[in-house]
Amino acid sequence: MPPKKTQEEKKILLGRPGNNLKSGIVGLANVGKSTLFQAITRCTLGNPANFPYATIDPEEARVIVPDERYDWLCDFYKPASKVPANLTVYDIAGLTRGASTGAGLGNAFLSHIRAVDAIFQVVRCFDDAEIIHVEGDVDPVRDLNIISDELRIKDIEFVEKNLEGLRKQTARGGQSLEMKKLKEEQAIVESVLAFLQSGKEVRKGNWAPKEVEVINKLLLLTAKPVIYVANLSERDFIRQKNKYLAKVKAWIDENNPGDILIPLSVAFEDRLTRMTDEEAAEECKNLKTKSQIGKLVVTMRKALHLISFFTTGADEVRQWSIREGTKAPQAAGVIHGDFEKTFIQAVISRYDDLKELGGEAEVKAAGKLLIKGKEYLMEDGDIVLFKAGAAKG
């Protein structure tokens, strides 16, 4: 008998399992965060100022997630209403060395990061004598170390306070179920503290389900997924050469292997936003390059483990966001809370089948219309009609 294939264990996801997750743009002061926010959201915060702390309160915007499937479905159904998926993005004030002890905007900055679910970490990889660097010169590896250390130090402080409270409770002793639970939680928090003190970020640990439950309650800064954004000069981005980029990649591979690095030019992206779509496309064609904003938004959505399902028809085509591993009743609940409570079944067709076969009747005739129950795990690209009973009183 051939040996059974061993199934790769899926890593338990950290973070809250919501469908309305938020990402924040962070980095040291004057690395291009606010201008990137404008480019991503096509929102204007006024002229980003050339001094630290130009952004005091986190600015918020919702960004449409580009998706060819949604575009095709809108063309196919020509609905009266079109509702794409979106991603909420915050522009967060610049961090400085010593933020964990309150320097600069310190604690306010860190509390703003605590409120988001994932991080775009912008690192400056361009020289410009006219734009002040808060550390005096351009050194992206030093900047990466500063941010990593500040977030980790703040997490250590937060975990130590939590542990102190748990130890006071367990010191009372006793054999009750509540005490047993408290002791288990204390052991988990102690292991998280040791992990942080060893210089590692919490999101890089292999945590068991019970550990994830405890970690999620702590809302740790280093538990959040990170997309690294290397901000290049326009010239370097277009010619695809930069003296700092290899060092940044080496730092990520050594400290946070597996994390994604997206090089772009914030100045170039900002310039494109001042053009019409046609002008921007022509400019990219002439320069033999393309905007990275769509890639940035899609990559962040994947880092948040979000997938899409669609509801379609002549009235409306809508793209809904859910987290990987969501079952059909919970997905129905995203549309309306009552649908989850009174869920009967999900009638599902696949986007690929609809596109290939050319219509709903053809999908049904080919036997590719699926009827699924309460245990069905939703898949990315499902086109769904949920059937539910009448809500009680």
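I take buried to mean under 20% relative accessible area. The model I am reading is a predicted one.

**Entry 1: helix α12**

With that cut-off in hand, I looked up which residues of α12 are buried. I found Ala328, Pro329, Ala331, Ala332 and Gly333. I then asked what these buried residues of α12 pack against. Their partners are β8, β9, β10 and β12, together with α13, which spans 337-341.

**Entry 2**

I recorded an open sheet of 6 strands with mixed pairing, and I read the strand order as β3-β9-β8-β12-β10-β11. I noted that β3 (81-83) and β11 (370-372) stand at the edges; each has a single partner strand, so one side of each lacks a neighbour in the sheet. For the twist, I noted an average of 30° from one strand to the next.

**Entry 2: the partners of β12**

I asked in which sense β10 and β12 pair. Strand β10 covers residues 343-350 and strand β12 covers residues 382-388; I found them antiparallel, with 7 bridges. Within this pair I located arginine 350 opposite aspartate 382. I also found valine 347 with leucine 385 of β12 as its bridge partner.

I then turned to β8, which runs parallel to β12 and is joined to it by 2 bridges. Here phenylalanine 310 stands opposite isoleucine 383 of β12. As background, I recall that strands of a sheet pair through backbone hydrogen bonds, in either the parallel or the antiparallel sense.

**Entry 3: helices on the sheet**

**Entry 4: nonpolar cores**

I asked how many residues the largest nonpolar core has. The count is 58, and the residues with the most contacts inside this core are Ile25, Leu36, Ile40, Leu296 and Met300. Setting aside neighbours within four places in sequence, I found isoleucine 40 in contact with Ile25, Val63, Val89, Ile293, Leu296 and Val297. Another core, of 20 residues, lies apart from the largest one; I noted Val192, Phe195, Trp207 and Leu218 among its members.

**Entry 5: annotated positions**

I consulted the UniProt record, an unreviewed entry. Its "binding site" annotation covers Asn30, Val31, Gly32, Lys33, Ser34, Thr35 and Leu232. I examined two of these positions in the model.

Valine 31 lies in the loop between β1 and α1, the latter spanning 33-41. Is valine 31 buried or exposed? Its relative accessibility is 1%, so I count valine 31 as buried. Beyond residues up to four places away in sequence, valine 31 touches Val122, Arg124, Phe126 and Asn231.

Serine 34 belongs to helix α1. I count serine 34 as buried too, because its relative accessibility is 12%.

**Entry 6: lysine 22**

Finally, I looked up lysine 22, which I found in strand β1 (residues 22-26). Its relative accessible area is 24%, so I list lysine 22 as partly exposed. I also looked up the separation between the C-alpha atoms of lysine 22 and arginine 62. The two residues are 40 residues apart along the chain, and these atoms are separated by 9.3 Å.

How values were computed: Residues numbered from 1 in each chain as written. Predicted model: local features only at pLDDT ≥ 70, side-chain atom pairs only at ≥ 80, totals over all residues. Heavy atoms only, no water. Pairing = 2+ DSSP bridges. Helix = DSSP H or I, 4+ residues; strand = E, 2+ residues; numbered from the N terminus. Axes fitted to C-alpha atoms, helices over the stretch in contact; angles between N-to-C directions. Buried < 20%, exposed > 50% of the residue type's maximum accessible area, 1.4 Å probe, protein only. UniProt positions renumbered as here; feature names shortened; annotations may be inferred. Contact = heavy atoms within 4.5 Å. Core = buried A, V, L, I, M, F, W, Y, C linked by side-chain atoms within 4.5 Å.
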